[in-house]
Amino acid sequence: MRPVDRPLTLFDKIWNTHAVRDLGNGVALVAIDRIFLHERTGSIALKSLRESGRRLADPSRVFCTMDHIVDTLPGRGDDTRMPGGRAFIVETREAAREAGIHLFDVRDPDQGIVHVISPELGIVLPGATVVCPDSHTCTQGAMGALAWGIGSTEAEHALATGTLRVTRPKTMRVSFTGKLPAGVTAKDLSLALISRHGSAGGNGYAVEYAGEAVTALDVEARLTLCNMATEFSAMTGFIAPDDRTFAYLEGRRFAPQGPLWERALAAWRALHSDDDAAFDREIEIDAGGLEPMVTWGTSPQHATGVSGRVPDLADSGTSREAYERALAYMDLTPGVPLHSLEIGAAFIGSCTNSRISDLRRAAAVLRGRRVAPGVRAICVPGSMSVKRQAEAEGLDRVFREAGFEWRESGCSMCFYAGGESFGARERVISSTNRNFESRQGPETRTHIASPETVAASAVAGHIADARLLPG
């Protein structure tokens with residue numbers, strides 16, 4: 001399946017080295033290097049595999065964590081607020097141990113959100129194919145990998161065979177040119193792209209992020225950018241690995257060591273799109289003209305600058321039906337300034353923005369300030385490693401002294417699974433990736449933004465620009 005001589009995209013290079021067989025009609029059997037499971041779906045795939053009488057093709061390539069259903073309250077264990085949640089945890093633990101795979105259990109020092117711990121442990125590597133029954137698996141493309149979300153049935157197939165049947169996507173390059181202004185983050189790049197080109201703009205594509213503003217991002221910011229490729233409806237998003245990537249990975253638990261590291265590094269340096277490689281679609285955005293972004297509606301594409309207003313229909317980029325439904329759900333009217341919207345809660349966490357750099361930036365906003373009266377504020381580190389590092393740096397004290405709850409690691413209230421949630425019709429500012437109806441609880445109204453904007457809004461008591469806080 002290797003093409004004749006022609007310039008190749010990074011996607012071409014990874015696809016060509018993993019395509020086992022051409023099945024026709026644009027479909028191929030693709031080799032899978034890493035499979036990650038979590039307790040919401042992991043036990044389903046593992047139990048189905050066992051009941052079918054099949055074995056795992058290679059248990060050493062399979063990993064599992066407790067992140068979606070596990071509580072994040074201090075002193076947590078197997079019991080959760082989600083009805084039936086304990087069964088998910090216990091059954092996943094038993095199935096993972098029986099299968100002989102790597103398990104990051106509730107109290108494991110390396111436990112955390114799958115898309116946070118996979119990079120920090122060196123499980124995802126440049127040029128690898130990575131799958132997980134979770135739509136935000138694309139996060140891991142920031143390491144120069146081809147990573148995408150799958151269903152439980154596909155997970156069972158990958159576990160048994162080490163392969164998956166995949167329809168080859170088209171290729172897109174999104175280039176962010178220029179230099180990011182102060183206070184503008186990778187989260188704002190994502191929301192700017194989706195607001196301009198729609199939540200379906202990446203449908204059918206594998207998206208490579210490039211440009212001066214992207215290469216200037218640190219690795220954790222790149223993970224944020226790739227995380228929201230799924231909100232763009234892309235099959236995946238990824239960034240060519242470079243010296244920042246390699247420095248980040250060196251010495252991590254599951255990364256190659258010794259002579260293998262040098263061999264891997266030599267191979268990884270070839271993982272970039274050739275100069276003249278052709279993409280099916282190109283998008284270019286001037287990052288220098290952006291400001292912090294905030295969503296106003298019920299889709300990530302319903303976003304505008306923090307200094308802006310709720311748009312009218314003509315400027316909303318959506319249909320009349322979707323626009324009117326979003327306004328009704330969010331209890332908004334056209335023309336209302338975003339900064340006039342009072343909030344009842346603030347949330348920092350999720351696989352989008354819960355890494356140590358996210359917490360440092362939020363803490364810098366909160367230091368010496370207090371959360372506004374009546375605002376419930378929560379911070380959930382993305383992994384136990386992040387939590388330990390934050391506590392070693394004293395960031396937990398900053399959050400607590402500001403009035404935030406300080407939690408254990410996990411997905412928490414990024415999504416509502418029948419357990420803990422924010423209140424009905426509560427207006428929440430959140431560092432998560434989705435503002436769908438009832439995403440953070442029944443009838444909860446979510447505005448997504450960067451950790452800095454969330455922290456500033458918690459202090460102000462309304463949606464606020466961190467750059468404009470007094471003092």
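This is a predicted model: local features need pLDDT of at least 70, side-chain atom pairs count only at pLDDT 80 or more; totals for chains, interfaces and linings use all residues.
Trainee: How do the axes of α2 and α3 lie, roughly parallel or oblique to each other?
Mentor: Helix α2 spans residues 42-51 and helix α3 spans residues 85-99. They pack at an angle of about 50 degrees, with their axes 9 Å apart. Angles under 35 degrees count as roughly parallel, and 65 to 115 as roughly perpendicular. The pair is therefore oblique.

Trainee: Which residues in α2 meet α3?
Mentor: On the α3 side, the contact takes in F88, E91, T92, A95, A96, E98 and A99. By class, the residues of this contact divide into five nonpolar, two polar and four charged. The residues in α2 are S43, L46, K47 and R50.

Trainee: What is the hand of the crossing of α2 and α5, left-handed or right-handed?
Mentor: Helix α5 covers residues 152-161. The axes of α2 and α5 come within 9 Å and cross at roughly 55 degrees. The two helices are therefore oblique to each other. The crossing is right-handed.

Trainee: And what is the hand of the crossing of α2 and α3?
Mentor: Helix α2 packs on α3 at about 50 degrees. Their crossing is left-handed.

Trainee: How many nonpolar residues are in the contact of α2 with α5?
Mentor: The crossing of α2 and α5 is right-handed. Helix α2 brings I44, A45, L46, S48 and L49, and α5 brings S152, A155, E156, L159 and A160. Two residues of the contact are polar and one is charged. The nonpolar count is seven.

Trainee: At what angle do α13 and α15 pack?
Mentor: Helix α13 runs over residues 356-366 and helix α15 over residues 395-402. Their axes are 9 Å apart. The crossing is left-handed. The angle is about 45 degrees.

Trainee: How many charged residues are in the contact of α13 with α15?
Mentor: I356, L359, R360, A362, A363 and L366 in α13 meet L395, V398, F399 and A402 in α15. Nine residues of this contact are nonpolar, and no polar residue takes part. Arg counts as charged. The charged count is one.

Trainee: How much space lies in the largest cavity?
Mentor: The structure holds one cavity of 30 Å³ or more. The space in the largest cavity is about 170 Å³.

Trainee: Which residues lie nearest the centre of the largest cavity?
Mentor: The lining has 15 residues. They divide into seven nonpolar, four polar and four charged. Nearest the centre lie H68, I69, D71, S412 and E420.

Conventions:
Residues are numbered from 1 along each chain as its sequence is written. Side-chain values use heavy atoms; hydrogens and water are left out. Axes are lines fitted to C-alpha atoms, for helices over the stretch in contact, and angles run from 0 to 180 degrees between N-to-C directions. Helices (H or I, at least four residues) and strands (E, at least two) are DSSP runs, numbered from the N terminus. Angles under 35 degrees count as roughly parallel, over 145 as roughly antiparallel, 65 to 115 as roughly perpendicular and the rest as oblique. A crossing is left-handed if the near helix is turned anticlockwise from the far one by less than a right angle, and right-handed if clockwise. Contact means heavy atoms within 4.5 Å. On a 1 Å grid over the protein atoms alone, a cavity is a set of points where a 1.4 Å probe fits but cannot get out, and a pocket is an open set with protein on both sides within 12 Å along at least five of seven lines; lining residues have an atom within 4 Å of a point. Grid points are joined across faces, edges and corners, and a volume is the space filled by probe spheres set on the points.
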